[in-house]
Amino acid sequence: NKSDFELENSDLSFNYGMKYMNTRYNGDKYSFTNDAVDELLINGQQKLNAIFMDSEWKNNHWTVGLGIHYERYKKQGKGIPVDLDEGTYGAIPLMQPALGLNGDAFNSSEHFINPRFTIAYSPMDWLQIYSNIGQSSRGANVHEFMYANNARSNPYSINPDLKGESSFNRDVGINVLKEGVFQSNDTAQLKINYFNNRVKNYILQDQFYLCGDGSWDGTIYGVCGIDDYLDYGAGSAYDVVGLYHNVPNKTKMHGWEIEGGYDFGRFYTHLAYSRTKTNFPHDYLADMGFSHIRTMPEQQWLLDFGTRWLNKKLTVGMRLNYTGKDSLASGVDFDEDKQLTEKIKSSGVITDLYASYKPYDNVQLFLNIDNISNRVYNYALSGGTLGTGNTVGSQANQGTGRGRTIYGGVSIRF
């Protein structure tokens, strides 16, 4: 709900409400040929309860915002029984104790109180200086704490102790919105923002080596290093286990965002640029083909420009997208037992063309050509080409972006 109040020389508004969400995960026994595996199919759910209130006071020059959000996350699920026959289910029962599980159902909850504060000052009607500080949170989703990997004999990577993320966020910047700069009908805008975020309990998908003596006699597995893992011969009880877990130290992200544009009716242009530095961790075995391998790119920019004709009914434009260098996993240093990373070059500039026509106010025809040069590239933060040896040279960019794509359609508003 939203409530607005007009005071003598200022305005006061409140935005408040609540939210409830329930997400369930159920294994489908009909997708397996072995009926006995039905006992291993994992089931779980997550619930979210939230109450929030945001307020804003505003006069001619000042804007002050204050808010508080309460969020409660609850997760439920069940581990894999540890007394199953190892001959049927392989190493799964023995891995359970190594992961802290005993086959029992788990039911846990956590809550976050997230305050936020905003202050902005406008010395002139076209300029605003602002600063924000606050906290946000995200609970572990079902896929993360249940690791929904339902391949037969493989749904073992459950982490009931996975905690939600919380982030302390700060940013400061300026907003410029000026009309009549060069002409009576033009508009210029500019936004410059610096942000600095600290994430506690960042959730990472990771891989671990588990080693045993190969006797299948109920020996409890333990997490071991690469040397121990390679020492076990054929028939020994060892495996690589995937798991989502919390990073012990705070994960940092800071950088700049710059956005601006100019529009005088017939012609318009818009530019957005960001530069980011992070210490996001890599999956230990990412280069072995188990998970995503990329981190946040150092910089990105987008340039959009176009022109309008036929009384602004026809719009024709072009977008240029650029994603800079990023880091990716390049292997494992077996001597130091740590992940290696390397920088790879950008995929280059991706060019899109678009056009739209509005014969009526509620009808619009559109035509787009994305990646007109048919360049091979990766989306930011995508996995790219996974697998050993595919993270070097040009192979690292044989990835996730679509080739030349042409599409069009019509939209009608009623």
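This is a predicted model: local features need pLDDT of at least 70, side-chain atom pairs count only at pLDDT 80 or more; totals for chains, interfaces and linings use all residues.
Helices (H or I, at least four residues) and strands (E, at least two) are DSSP runs, numbered from the N terminus.

Residues are numbered from 1 along each chain as its sequence is written, and side-chain values use heavy atoms, with hydrogens and water left out.

**The whole chain**

Colour by secondary structure: the protein chain has four helices and 20 strands. Of its 414 residues, 38% are buried, where buried means under 20% relative accessible area, exposed over 50%, and partly exposed in between (1.4 Å probe, protein chains only).

**Stop 1: strand S18**

Back to tyrosine 360: it is exposed because its relative accessible area is 56%. Show isoleucine 412 as well; the two C-alpha atoms are 9.4 Å apart, across 52 residues of sequence.

Now select isoleucine 350, also in strand S18. Is isoleucine 350 buried or exposed? At 6% relative accessibility, isoleucine 350 counts as buried. Leaving out residues up to four places away in sequence, isoleucine 350 touches Arg319, Leu320, Asn321, Asn371, Arg375 and Tyr377; contact here means heavy atoms within 4.5 Å.

**Stop 2: aspartate 304**

Move to strand S14 (residues 299–309) and pick aspartate 304. A salt bridge is a side-chain nitrogen of Lys or Arg within 4 Å of a carboxyl oxygen of Asp or Glu. Aspartate 304 is buried yet has none, and the nearest side chain of opposite charge, arginine 319, is 4.9 Å away. For charge, Lys and Arg count as positive and Asp and Glu as negative, with His and the chain ends not counted. Which side chain does aspartate 304 join in a polar contact? It is that of tyrosine 354, at 2.6 Å. (A polar contact is a pair of N or O atoms within 3.5 Å; within protein, one must be able to donate a hydrogen and the other to accept it, and residues adjacent in sequence count only if both atoms are side-chain atoms.)

**Stop 3: the salt bridges**

The count of salt bridges comes to five. Select Arg138, Glu144 and Glu165, which are linked in a network of them. Arginine 138 meets glutamate 144 at 3.2 Å, N to O, and glutamate 165 at 3.3 Å, N to O. Arginine 138 lies in strand S6 (residues 127–138) and glutamate 165 in strand S7, so this pair ties together parts 27 residues apart in sequence.

Next, show aspartate 263 and arginine 308, whose side chains form a salt bridge of 3.0 Å, N to O.

**Stop 4: paired strands**

Two strands pair if DSSP finds at least two bridges between them. Display strand S7 (residues 165–179) beside strand S8 (residues 187–200): they pair in the antiparallel sense over 14 bridges. S8 also pairs with strand S12 (residues 251–263), antiparallel again, over 13 bridges.

**Stop 5: the core**

Finish with Phe106, Ala140, Val142, Phe145, Met146, Ile158, Leu162, Ile203 and Tyr244, the nine residues of the largest nonpolar core. Such a core is a set of buried Ala, Val, Leu, Ile, Met, Phe, Trp, Tyr and Cys residues joined through side-chain atoms within 4.5 Å. Helix H3 (residues 142–146) gives the most to this core, with three residues.
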